[in-house]
Amino acid sequence: MLNERTKAKLIEVVGSANFQDSSEARLVYSYDATPNFQSLPDAVIMPENKDQVKRILTICNEDHVPIVPRGSGTNLSAGTCPTQGGIVLTFNRMNKILEIDEENLTVTVQPGVITLDLINAVEAKGLFYPPDPSSMKISTIGGNINECSGGLRGLKYGVTKDYVLGLEVVLANGDCIKTGGKLAKDVAGYDLTNLFVGSEGTLGVVTEAILKLIPIPETKQTLLALFEDMDAAAKAVSAIIAHKIIPATLEFLDQPTCEVVEDFAQVGLPTDVNAVLLIEQDGPPEVVKRDIEMISRICTEGNAVSVKVAASQAEAEALSTARRSALSALARMKPTTILEDATVPRSKISEMVKAINEIAVTYNVKICTFGHAGDGNLHPTCLTDARDKEELHRVEQAFEAIFHKAIELGGTITGEHGVGEMKAPYLALKMGGEGVAAMKAIKYALDPQGIMNPGKIFAKDTRKRVVVRS
């Protein structure tokens, strides 16, 4: 628990208005978007600037108080759940776009900027920030950086780490470092920028970021291809890439997901086929036209039962919105929705989806699958009820089997959600004991007191999914 002496020091730094430890405030920040993880923090602090963050971390490091950096709480691996109490550090007071530099094609932001607000601000100047997590309407740039968030445009444009040029980071002891800058090239020493991207708040607190921008694509088109057979859809994905076409998005939904999403979004998605590919291409008009025609031909020759190009921008946006709403749609079906993100090489998508379906039958659980077919990032989503402990145990067994299968196929346990606490038991499957030891050495070097988001990535056992601290 936070003692009165430490509490007084923290209030002196940020003021009583930015320090909350009421039961209501603690409850609000006791969970994130991950089902069945809840743990009360001792307090919530909303710093207004870098200097306050430095002083907060100095105090917490000296007094051994855990710090959990948090954006909007959209995390899906219990990465922002304060499972060991301490201070939740939230950045809704540090939410400014500091500079859009059109000469160097960069934007400098504070961590609390909402992702979609940033995208809209740079697009107003004819520029483009591609990372587009499904939560972009509410997720923050700081949270995206901590998790190295992906999105629908990841196949063509990459993920968050591909757009972070420089960071300002406050370390656990209160020291502040700057990495990178407005540079196209920089190999001075270790790549500290990418070390912090995806570190899940376990190494330091990002207080400012310099992000890369690119020119906005001139035009885009969207195509919907329907398949009776998942294997045919997967082969079409491989064929598209083999023809040296890299779509802006190449998304996949299985039949159960289509049925639920269509009921939710009402955009005309088919519900009587086994696989749907949602494909978008952007760029110069002549390139988009050529690529969409080739993709249509590939899908048709690959036994698609229907191939349709969106007739208008409104129709294209509706289809894209439907895909982004998959989690929300599925969440309506049962009290608990557990969304995962096992990732495999794209050539193994069909085999992985088949394995997921077999695992669901084996453990008698309901799993719908959708995801980023172009980069092999699948989202098996289990619809369950956390109050049914016996079923929840079977769900956990099913996901463990899914992670093992992903590794067997040359994949990984997470493509964009992070390890957090939820997947920590499975990290060694991917990294091996030596790899985990190397990560722990980095963690200890930068955070010897272990105050930065403790219990994440290296947690010993997270299978007891509800832990409530009073």
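These legends describe an overall view and several close-ups of one predicted model.

Residues are numbered from 1 along each chain as its sequence is written. Local features need pLDDT of at least 70, side-chain atom pairs count only at pLDDT 80 or more, totals for chains, interfaces and linings use all residues, and side-chain values use heavy atoms, with hydrogens and water left out.

View 1. Helices (H or I, at least four residues) and strands (E, at least two) are DSSP runs, numbered from the N terminus. The C-alpha trace spans about 70 × 60 × 40 Å along its principal axes. Of the 470 residues, 56% count as buried. Buried means under 20% relative accessible area, exposed over 50%, and partly exposed in between (1.4 Å probe, protein chains only). Take the contacts between residues at least 6 apart in sequence: 74% join residues at least 24 apart. Contact means heavy atoms within 4.5 Å.

**View 2. Strand 16 (residues 336-339) pairs with strand 18 (residues 377-384).** The pairing is antiparallel and runs over four bridges. Two strands pair if DSSP finds at least two bridges between them. Ile338 has Cys382 of strand 18 as its bridge partner. Thr336 and Ile338 point one way from strand 16, while Thr337 and Leu339 point the other way. All four residues named here are buried.

**View 3. Helix 9 (residues 255-265) has buried residues, including Cys258 and Val261.** Gln255, Thr257, Val260 and Glu262 are buried too. An α-helix has 3.6 residues a turn, so residues three or four places apart point the same way. What covers the buried residues of helix 9? The cover includes strand 13 (249-254), strand 14 (275-283) and strand 17 (366-372). Helix 11 (313-324) and helix 12 (326-330) are also part of the cover. After helix 9 comes Gln266, with a positive phi near 55°.

**View 4. Leu27 sits in helix 2 (residues 23-28).** Leu27 is partly exposed, with a relative accessible area of 44%. Leaving aside neighbours within four places in sequence, Leu27 is in contact with Gln38 and Leu40. Ala43 is 16 residues from Leu27 along the chain, and their C-alpha atoms are separated by 9.9 Å.
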